[in-house]
Amino acid sequence: MKLTCEQIQAIAKGVARVEMVGDSVGLFRFTKEQEILYLEKSWPSFHQRTFATAGVSLEFDTDSEKLLLGVEAETACGYRWYVHSIFANDVRVGELSGFVPEGETVRQTEAFSLGEGMKRVRIVFPWNKCSRITRLELDDGSLVIPVPKKRKMLIFGDSITQGYTCWLPENSYANRIARYLDADAINKGIGGAPYWPELAKTYDGFQPDLILVAYGANDWNSCTEEEFLQNSTEFCKNLRQNYPKAKILALSPIWSKTREEKQSQRWPFGNLVAQLKSLPDVVDDLCVIEGTDIVPFDTACFAEDGVHPNDVGFAHYAQNLQEAMTSLL
């Protein structure tokens, strides 16, 4: 039994839209308006990254004993590997993974055993590739029941929010937080992105319960204190105008070895944190979480660049962020 685009849309999480792209099903976390906005800004690499399937998953209950998944993957950012993780009742039963040469598209199909009886299936898509579904098949006559979520959530941020550089996509902090909150969370993270007020002016077509905002590292590297204060304030004001009922949590950047090395060349990083802490004075129902201590000051928690957490670092990130959020929600 091959699932249709409409059936896939019903079980998709973390998407702004689902639509056919040629003979494949595309899973998009940005609206068309937002994609065009990045293109018109003349940020070609950012525009390309909007098509990465960060935070995208399929979740459904089924009595099918087998699953066949086919995908076509192409570059959305610089990392060539990709992983699709397959779970049945929270047990990882396999992955569809490989490498995509620069400028090429790779097609791959694989079958997975899900076991007997009813089970909850979760397919987590790669954070670093544009991955479209070419085939999704279950046993003939099997049930496909969408999984409801308690919350609807938006997550804005830079490369760390997108998922750089975890190996398994389910290990990113954004995916872990979404699981913890039982949220259908759309991940708007874009590698290299700063606070950009124009993005927050766009509307996703629904009212989220919660919005998490995690920029700042790229702002500190690229703008003045005055520009940062203006951009972060206008960004959050625009969110509040679009989403008047949502709780907004703003997270300051985590520690990084590179930032320590650049401290003498830039404006004081503590001023960035202080400016973020002033946001609740001008934006209603906004709370600030200081991120400096969320990931240990230990290079073993980071990739070689000393900036992006690895899978170990993301585990600390998610656990400590969960604890900080619990008292605010």
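A: Start with Cys-77, which is buried, at a relative accessible area of 4%. Buried means under 20% relative accessible area, exposed over 50%, and partly exposed in between, with a 1.4 Å probe and protein chains only. This is a predicted model, in which local features need pLDDT of at least 70 and side-chain atom pairs count only at pLDDT 80 or more, while totals for chains, interfaces and linings use all residues. Residues are numbered from 1 along each chain as its sequence is written, and side-chain values use heavy atoms, with hydrogens and water left out.

Cysteines first. A search of the whole structure finds zero disulfides; a disulfide is a pair of cysteine sulfur atoms within 2.5 Å. Cys-77 has its nearest cysteine sulfur in Cys-166, 11 Å away. For Cys-301, the closest cysteine sulfur is also that of Cys-166, at 14 Å, too far for a bond. Cys-301 counts as buried too, at 5% relative accessibility.

Now the sheet. Helices (H or I, at least four residues) and strands (E, at least two) are DSSP runs, numbered from the N terminus. Five strands form an open sheet in the order E13-E12-E14-E15-E16, and the pairing is parallel. Two strands pair if DSSP finds at least two bridges between them. E13 (183-187) and E16 (286-289) stand at the edges with a single partner strand each, so one side of each has no neighbour in the sheet. From one strand to the next, the twist averages 20°. Axes here are lines fitted to C-alpha atoms, for helices over the stretch in contact, and angles run from 0 to 180 degrees between N-to-C directions.

Ile-155 has Asn-187 in E13 as its bridge partner. E13 is mostly covered, with five of its five residues buried. Ala-183, Ala-185 and Asn-187 point one way from E13, Asp-184 and Ile-186 the other way, and all are buried. Ala-250 stands opposite Val-288 in E16.

Next, the helices. H5 (residues 173-181) lies across E12 (151-157), E13 and E14 (210-214), and runs at about 160° to E12. H8 (residues 225-242) has 18 residues, which at 1.5 Å a residue should span 26 Å; its end C-alpha atoms are 26 Å apart, which agrees. The expected span is 1.5 Å times one less than the number of residues. Buried residues of H8 include Phe-228, Phe-235, Cys-236, Leu-239 and Arg-240.

Between H8 and E15 comes a loop that holds Ala-246. Ala-246 is buried, with a relative accessible area of 0%. Ala-246 and Leu-210 are 36 residues apart in sequence but 5.2 Å apart in space, C-alpha to C-alpha. Neighbours within four places in sequence aside, Ala-246 is in contact with Pro-208, Asp-209, Leu-210, Ile-211, Arg-240 and Asp-285. Contact means heavy atoms within 4.5 Å.

Then the cores. A nonpolar core is a set of buried Ala, Val, Leu, Ile, Met, Phe, Trp, Tyr and Cys residues joined through side-chain atoms within 4.5 Å. The largest has 36 residues, of which Met-153, Tyr-173, Tyr-317, Leu-321 and Met-325 touch the most other members. E6 (81-88), E12, H5, E13, E14, E15, E16 and H11 (311-326) each supply at least two residues of this core. Tyr-317, again leaving aside neighbours within four places in sequence, is in contact with Ile-160, Tyr-173, Leu-251, Ile-254, Ile-294, Val-295 and Pro-309. Another core lies apart, with 34 residues, among them Leu-199, Val-213, Ile-248 and Val-273.

Last, the backbone. Most residues other than glycine have a negative phi, and most peptide bonds are trans. Tyr-164 and Thr-165 are joined by a cis peptide bond, with omega about 0°. Thr-165 is found in the loop between H4 (159-162) and H5. Ser-42, not a glycine, has a positive phi near 65°. Ser-42 sits in the loop between H2 (32-40) and H3 (44-49), and is exposed, at 56% relative accessible area. Asn-89 also has a positive phi, about 50°, although it is not a glycine. Asn-89 lies in the loop between E6 and E7 (91-99), and is partly exposed, at 48%.
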